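Thanks, everyone, for making the time this morning. I would like to walk you through one model, so please have the sequence and the structure open while I talk.

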Amino acid sequence: MPGTLLPAAHGSGTHGTGGHRPGTGAVPPPPGTGTAARWAVPPGHPAAAGARTPAQPQALWRRLAAPAGTIVAVGAAFAYVATVDPNEPGHYPACPLLRYTGIYCPGCGGLRSAHAFVHGDLGTALGANAVAVAGYGVFFVLWALWTVRAARAPATGPAATWRISVPPLLWWLTGASVLVFSVVRNLPLGSALAP
């Protein structure tokens, strides 16, 4: 009967153990499977060819949803910092490390840097937190690559996903650079890096 799985006949027919009986309509099990193959697939059944449902194309707006959502969220955060000036006290919480120890952490001056950056004052932004400004640039480059790759993706599910593989050495170099920056900005010779 087409479209149904049929039990393979067992017994000692004329074709040996595990063979089929003529006229039963069952397909004999593949060679080497013996009597363990209890079910046979009739010819033409989708399972016989290992048929799979093809992946549905992914619309362009779906592929661009994540990059667009990310840039909207980041843009909203920058717009808030541009509007609410961090140079005026009382708008943002103080850095706990600076407050209790007097030591600048790697993030100290980041809000002032973002405020100056949005207003086009790159010199002040670098003076407030140079690492943060470098971070803005890295973020924008990665976001642009993400957006372009999502737009050009073959539009089939997982193939449209883009992942970044960062070598461990680059992570170590980044961490070491941030550590050196943190130490130097707290020394008299690095006062230009202090916010």
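I will begin with the overall layout, go on to the helices and the aromatic pairs, and end with the pockets.

Please keep in mind throughout that this is a predicted model. The protein has six helices and four strands, and if you follow the chain from the N terminus the elements run β-β-β-β-α-α-α-α-α-α. Of the 195 residues, 22% count as buried. As for the contacts between residues at least 6 apart in sequence, 54% of them join residues at least 24 apart.

Let me turn to helix α5, residues 130–152. At 1.5 Å a residue, the 23 residues of α5 should span 33 Å, and the C-alpha atoms at its ends are 34 Å apart, which agrees with that expectation.

Leaving aside residues up to four places away in sequence, Pro 67 touches Trp 143, Trp 146, Thr 147 and Ala 150. The C-alpha atoms of Pro 67 and Val 148 are separated by 9.6 Å, although these two residues are 81 residues apart along the chain.

Helix α3, residues 110–118, is the next element I would like you to find. Its buried residues are Gly 110, Ser 113, Ala 114, His 115 and Ala 116, and what covers them includes α1, α4 and α5. After α3 comes Gly 120, whose phi is positive, near 80 degrees. In helix α4 we find Leu 126, which is partly exposed with a relative accessible area of 38%. The C-alpha atoms of Leu 126 and Ala 116 are 8.9 Å apart, for a separation of 10 residues along the chain.

Now to the aromatic side chains, where a search of the whole structure finds four pairs. One of them is formed by Phe 78 and Tyr 136, an edge-to-face pair with 5.2 Å from centre to centre and 80 degrees between the planes. Phe 78 belongs to helix α1, residues 60–83, and Tyr 136 to helix α5, so this pair ties together parts that are 58 residues apart in sequence. Are the two partners buried or partly exposed? Phe 78 is partly exposed, with a relative accessible area of 23%, whereas Tyr 136 is buried, at 17%.

Another pair is that of Tyr 80 and Tyr 92, whose ring centres are 6.2 Å apart and whose planes stand at 90 degrees, so this pair too is edge-to-face. Tyr 80 is in helix α1 and Tyr 92 in the loop between α1 and α2, so here the parts tied together are 12 residues apart in sequence. Tyr 80 counts as partly exposed, at 48% relative accessibility. I would also point out that Phe 78, Phe 117 and Tyr 136 form one aromatic cluster.

Finally, the pockets. The largest pocket has a volume of about 360 Å³ and is lined by 17 residues, of which Pro 93, Ala 94, Cys 95, Leu 111 and Arg 112 lie nearest its centre. Helix α3 gives the most to this lining, with three residues, and by class the lining has 10 nonpolar, five polar and two charged residues.

The second largest pocket has a volume of about 200 Å³. Which helix gives the most to its lining? That is α5, with five residues, and α5 and α6, the latter being residues 168–184, each supply at least two. Among the lining residues are Val 131, Ala 134, Val 138, Ile 164, Leu 170 and Val 178. By class, this lining has eight nonpolar, two polar and no charged residues.

Technical notes
Residues are numbered from 1 along each chain as its sequence is written. This is a predicted model: local features need pLDDT of at least 70, side-chain atom pairs count only at pLDDT 80 or more; totals for chains, interfaces and linings use all residues. Side-chain values use heavy atoms; hydrogens and water are left out. On a 1 Å grid over the protein atoms alone, a cavity is a set of points where a 1.4 Å probe fits but cannot get out, and a pocket is an open set with protein on both sides within 12 Å along at least five of seven lines; lining residues have an atom within 4 Å of a point. Grid points are joined across faces, edges and corners, and a volume is the space filled by probe spheres set on the points. Ala, Val, Leu, Ile, Met, Phe, Trp, Tyr, Cys and Pro count as nonpolar, Asp, Glu, Lys and Arg as charged, and the others, Gly among them, as polar. Rings of Phe, Tyr and Trp (its six-membered ring) pair if their centres lie within 6.5 Å; planes under 30 degrees apart count as stacked, over 60 as edge-to-face and the rest as tilted. Buried means under 20% relative accessible area, exposed over 50%, partly exposed in between (1.4 Å probe, protein chains only). The expected span of a helix is 1.5 Å times one less than its number of residues. Contact means heavy atoms within 4.5 Å.
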